[in-house]
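Trainee: Could you help me learn to read a protein model, one feature at a time?
Mentor: Gladly; let us look together.

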Amino acid sequence: MKETKIFEKPKSMIDVTTHYCPGCTHGVAHRLVAEVIDELQIQERTVAVAPVGCSVFLYNYINVDSYEAAHGRAPAVASACKRLLPDSVVFSYQGDGDLASIGMAEIVHAANRGEKITVIFINNAIYGMTGGQMAPTTLVGQKATTCPLGRDPKLAGYPIRMCEMLATLQAPAYITRVSVAKPKYTIKAKEALTKAFQTQIEGKGFSFVEILSTCPTNWGMRPVDATNWLEEHMMPEFPLGVFKTPE
Amino acid sequence: MAKGRVGVNEERCKSCGLCVAACPMKVLRISDKINKKGYRPVEQFKEGCIACRMCAITCPDVVLEVFRLEDDKACNA
Amino acid sequence: MGKRFLMKGNEALAEAAIHAGCKYFFGYPITPQNEIPEYMSKKLPEIGGVYLQAESEVAAVNMIFGAAGTGKRVMTSSSSPGISLMSEGISYIAGAELPCVLMNVMRGGPGLGGILPSQSDYFQATRGGGHGDYRLLVLAPSTVQEAVDLTMLAFDLAEKYRNPVMVLADGFMGQMMEAVEFKETRAEGLPDPAEWAVGYMKQRGSRALIKSLYLDPEELEAHNWKLQAKYAQMAQHEKRFECYLMDDAEILIAAYGTVARIARTAINELRSEGVKVGLFRPITLFPFPYEPLENLPASVRQVLTVEMSCGQMVEDVRLAVGKERPVSMYGRVGGMTPSVDEIKDQVRKALGR
């Protein structure tokens, strides 16, 4: 009997156990990014910009030149790095609190300038690192530690749809929303990430991949239940799809 | 149908069970063993893996490796 | 003497940065420093550089963080309220040990304050400004020519110490025109960015990590002591100051920046009247040159600090002079400037004449 290995850890991924909670899909998104970096053979010219939040330690898991940005400012850091090093491949990796709350100005303006960077936006509808507070993407009625009775739109407004909002801008080249909740979505998420990095490498402009993710710990669910909850509740609010595509 | 095998890096596993749910052939389960972090790692407990990789694709901790098994004879076929 | 150019202070500051090899500028408009970004937006594209107007000071300083991480010479400029907005980012830059030059063309505060010259950001500049135990190297020019020279020096010092350096100017210096010369100088033996910056992974064989987070308290403590050791090196090697007519002075004026220049005129006039008055002018505000004030000539009986603030540098002056001699303070604020006559009156009053 002959054995052929058909799935293994990507080369640009550092061989350690992550700090993420069991079932947290940050790990899936990290692995996909590393796989794309390997497949495009860009490890030595890739620069990662990590956010503040659960994924602050992104650089402990992906072995590329890395910055750790201040909360919300990753697109500004990435913009400048890319302008000074045009041959590099620069991506930021940001959660919903980082990108859609404190960093709203930076993401909108980086997109509007058409910065040739790739932004990976992890939307799990909650603040993870700080312990489950309401996020700008928390669903109406969804409970969080700072909206214990569920998000009330009269008090806190409605979940922000980043892809739809950024797609109103002229400059961005590629905007898409995917998920990593189940394998069928994850396969498509990797295709989206590949296209996003290629958009940058080909100089076509700003690329943005929103990834719907789970946070079993702060949602108070078992990991498998969280993937089902994401499908049932997040996907109707945040529909998957391509909102802008390079010409 | 292809034949396969799943390799488990037991120390990396956090018993989240996503792979167990993702496996179409239901050949994975959470084992009775306990790793250094106190989690019960997943195991392939029976034959029937078809090397579809769904488990590895859904695993957040890069715990799993997937192998395709081929009869040596098949190469000549 | 080399070729001299009549230039507005802000434009001279910008040109000095270009002469020092700075090709990258990120900023946000604020009065009274707008001629700096305007000049950069015209000149930098001509030399293959990058000028980018950020959406805010917050974004601008984080662009500096990203740009400085590549090891290239980068700068931003702003004025007091803008520097407050940048302070979070400056703390990150200091924590990550990135070289860059920051210009603060100070205006009056607090809050939105006004747009006229001030020196009320002394505490902010010399004590770090943002959160955490960090310091900027702070250079305080007194003339446009000195602003040019110190701006060029600032880039060398930033690289030497891998630390942000602030050029602390004021609205006067930014807006006045003077003849200036650009002397070509560049320190030798500066660290090679290939050792630490992003963009050299292939060459170096390992990746760069630009960060200020150390969750392990022992690591963070070690990182803090490493920074402190660097500041101690700055204190040992970089203190700069000027003493003018100090040796036989009865009374010493301590002043920096534009105020020192006004004080010098007052001193010259008082000397012609026979009043023995001298000037101590710190050029580096951090590290502050305490020693000349700790070892004053016996003739000096008292010190008068003059500032465009309600009394900020005077705290460092008192710290150095000690209790043996009285230290008084005269300040004008809000965009008001101490005049030559006012300073002369203050000296006479202090001497009881």
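Trainee: What percentage of the 77 residues of chain B count as buried?
Mentor: Start with the cut-offs: buried means under 20% relative accessible area, exposed over 50%, and partly exposed in between, with a 1.4 Å probe and protein chains only. In chain B, 43% of the 77 residues count as buried. Keep in mind that this is a predicted model, where local features need pLDDT of at least 70, side-chain atom pairs count only at pLDDT 80 or more, and totals for chains, interfaces and linings use all residues. Residues are numbered from 1 along each chain as its sequence is written, chains are lettered from A and ligands numbered from 1 in the order in which they are written, and side-chain values use heavy atoms, leaving out hydrogens and water.

Trainee: In which order do the elements of chain B run?
Mentor: Helices (H or I, at least four residues) and strands (E, at least two) are DSSP runs, numbered from the N terminus. Chain B has two helices and four strands, and from the N terminus on they run β-α-β-β-α-β. The C-alpha trace of chain B spans about 45 × 20 × 20 Å along its principal axes.

Trainee: Which pair of chains has the most contacts?
Mentor: A contact means heavy atoms within 4.5 Å. Two pairs of chains touch, and the most contacts are between chains A and C. Chains B and C do not touch, and their nearest C-alpha atoms are 20 Å apart.

Trainee: Is helix 1 of chain C mostly covered or mostly uncovered?
Mentor: Count its buried residues: helix 1 of chain C (residues 9–19) is mostly covered, with nine of its eleven residues buried. Among them are Leu13(C), Glu15(C) and Ile18(C). After helix 1 of chain C comes Gly21(C), which has a positive phi, near 95°.

Trainee: Why does Asp65(A) count as buried?
Mentor: Compare its accessibility with the cut-off: Asp65(A) counts as buried because its relative accessibility is 1%. Asp65(A) lies in strand 3 (residues 65–68) of chain A.

Trainee: Which residues does Asp65(A) touch?
Mentor: Leaving out residues up to four places away in sequence, Asp65(A) touches Thr46(A), Val47(A) and Ala48(A), and from chain C Val198(C), Gly199(C), Tyr200(C), Met201(C), Arg204(C), Arg207(C) and Ala208(C). Look closely at Ala208(C): its backbone nitrogen lies 2.6 Å from a polar atom of the side chain of Asp65(A).

Key:
A polar contact is a pair of N or O atoms within 3.5 Å; within protein, one must be able to donate a hydrogen and the other to accept it, and residues adjacent in sequence count only if both atoms are side-chain atoms.
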